[in-house]
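Thanks for coming, everyone. Please keep the sequence and the structure side by side.

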Amino acid sequence: MTDILDVVVLTGFLGSGKTTLLRDYLARPEAADTAIIVNEAGEIGLDGLILRESGGDVPMTMLANGCVCCQMTSDLARTVEALLAAERPEASGPLRRIVLETSGLSKPGPVLRQLASLAGFPMRVSVLATYDALRGPDSAAFAEAAAQWAAAHRIVVTKLDAASSGRPSEAMSEVAALNPLAVIVADPDRAAAVAAAFAPLPGIGLDPALLRAEPAGTHPRVAVWLARPSAPLPYDDLAAWLDNLAGHLGERLLRLKGLVRVVESDRPVLVESVGTLFSRPRPFGRPAEDAPAFLVVIARDLEAGELETVAPAGLFRFAPRVPDTPFARAGAGMPRADAV
């Protein structure tokens, strides 16, 4: 395989429609040359049996002995390597994508860390999450669901056929408040939604709409903050701040993305993380572009002023992206778990 392989980590909370979404996708012609890895928390791979029934000769590897994020790193890596090395004499072409359906209790960060061990393969890795239109606000009480949505590059609102007529717009607002970085699919037309869910992602640029305030979110413990640098930063200072932020917040850091200007370059640097797993910062755009410099930080259970304590201090000015909530009007951070 010489082409770039698309690896889609399909995540979503228990019962949110991941398997149904994947099953519907496998019935589409564009799903040809796709391999599926199904991972479940139980010992019986029921989801795998459902997919196998409708997926024809789609290559499949079952990891039914526990959640992927709890496996040895080599387990998932070996599975992917075996899929890439497998002979496919009747295939229409080379393997073009792998969809890894995770357990409903998996957090994407550890899964992506395991995939990072396959850096030698040309891969494009993305996270696709499902958001249950009927249970979304209730599921938001679970840290696993919040981590899944925050890590996603694209979020698909499911079960709209059983929801009220105004639910797509409401759900889009809820999802945007939880993760303004994600592409949102909320189409009542099931076929259109399935096609959009697995379509190639758009460019990785930052939408200026991220700078606008949004209504209060549905998750009382997750906050979206804007960090604005006061001036171009020395790259070493930026790197140290990112390292210290990851070390300080740990699993509470759910997602980070933005553009920062550094003194060593005439182009802004694109910075992105899922959890504490950071992509390598790299120049983005053209030197002449007047791109806004900011980071979007999505985190859980922040104390008031906590981001300001990360060293080197004073590099950024911080403001909540949800300024109309009571905690923001009081100038406080997110409440602690025992206050929710």
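H1 and H8 are roughly perpendicular to each other, a label that covers angles of 65 to 115 degrees, while under 35 counts as roughly parallel, over 145 as roughly antiparallel, and the rest as oblique. Their axes cross at roughly 90 degrees and come within 10 Å. Those axes are lines fitted to C-alpha atoms, for helices over the stretch in contact, and the angles run from 0 to 180 degrees between N-to-C directions.

A word on the source. This is a predicted model, where local features need pLDDT of at least 70 and side-chain atom pairs count only at pLDDT 80 or more, while totals for chains, interfaces and linings use all residues. Residues are numbered from 1 along each chain as its sequence is written, and side-chain values use heavy atoms, with hydrogens and water left out.

Helices here are DSSP runs of H or I with at least four residues, strands are runs of E with at least two, and both are numbered from the N terminus.

Back to the crossing. Which residues meet there? From H1, Thr-20, Leu-21, Asp-24 and Tyr-25. From H8, Arg-190, Val-194 and Ala-197. Contact means heavy atoms within 4.5 Å.

Stay on H8, residues 190-197. Its buried residues are Ala-193, Val-194 and Ala-197. Buried means under 20% relative accessible area, exposed means over 50%, and partly exposed is in between, with a 1.4 Å probe and protein chains only.

What covers that face? The cover includes helix H1 (18-26) and strands E5 (123-132), E6 (154-158) and E7 (183-185). Now the start of H8. There, a side-chain oxygen of Asp-189 reaches to within 3.1 Å of the backbone nitrogen of Ala-191.

Ala-199 is partly exposed, at 29% relative accessibility. Ala-199 and Glu-30 are 169 residues apart in sequence, yet their C-alpha atoms are 9.4 Å apart.

Next, helix H7, residues 167-178. Arg-167 lies in H7. Is Arg-167 buried or exposed? Buried, with a relative accessible area of 8%. A polar atom of the Arg-167 side chain lies 2.7 Å from the backbone oxygen of Ala-133. Beyond its neighbours within four places in sequence, Arg-167 contacts Tyr-131, Ala-133, Pro-137, Leu-160 and Glu-174.

Val-175 is also in H7. Its relative accessible area is 1%, so Val-175 is buried. Not counting residues up to four places away, Val-175 touches Tyr-131, Ile-155, Val-157 and Ile-184. Val-175 and Trp-149 are 26 residues apart along the chain, with 7.9 Å between their C-alpha atoms.

Over to strand E1, residues 5-12, where we find Leu-10. Leu-10 is buried, at 0% relative accessibility. Leaving aside neighbours within four places, its contacts include Leu-21, Leu-22, Val-99 and Leu-128.

Most residues other than glycine have a negative phi, and most peptide bonds are trans. Lys-159 is not a glycine, but its phi is positive, about 65 degrees. Lys-159 sits in the loop between E6 and H7. Lys-159 is partly exposed, at 28%.

Asp-301 also has a positive phi, about 60 degrees, and is not a glycine. Asp-301 is in the loop between E13 and E14. Buried or exposed, this Asp-301? Buried, at 6% relative accessibility.

Pro-312 lies in the loop between strand E13 (294-300) and strand E14 (316-320). The peptide bond from Ala-311 to Pro-312 is cis, with omega near -5 degrees.

Last, the whole chain. How many helices and strands does the protein chain have? The count is 10 helices and 14 strands. Of its 340 residues, 49% count as buried. Among contacts with a separation of 6 or more, 78% join residues 24 or more positions apart. The accessible surface is about 15300 Å², and 54% of that belongs to carbon and sulfur atoms.

Terms used
A polar contact is a pair of N or O atoms within 3.5 Å; within protein, one must be able to donate a hydrogen and the other to accept it, and residues adjacent in sequence count only if both atoms are side-chain atoms. Accessible areas come from the Shrake-Rupley method with a 1.4 Å probe; for residues, only the protein chains shown count as cover.
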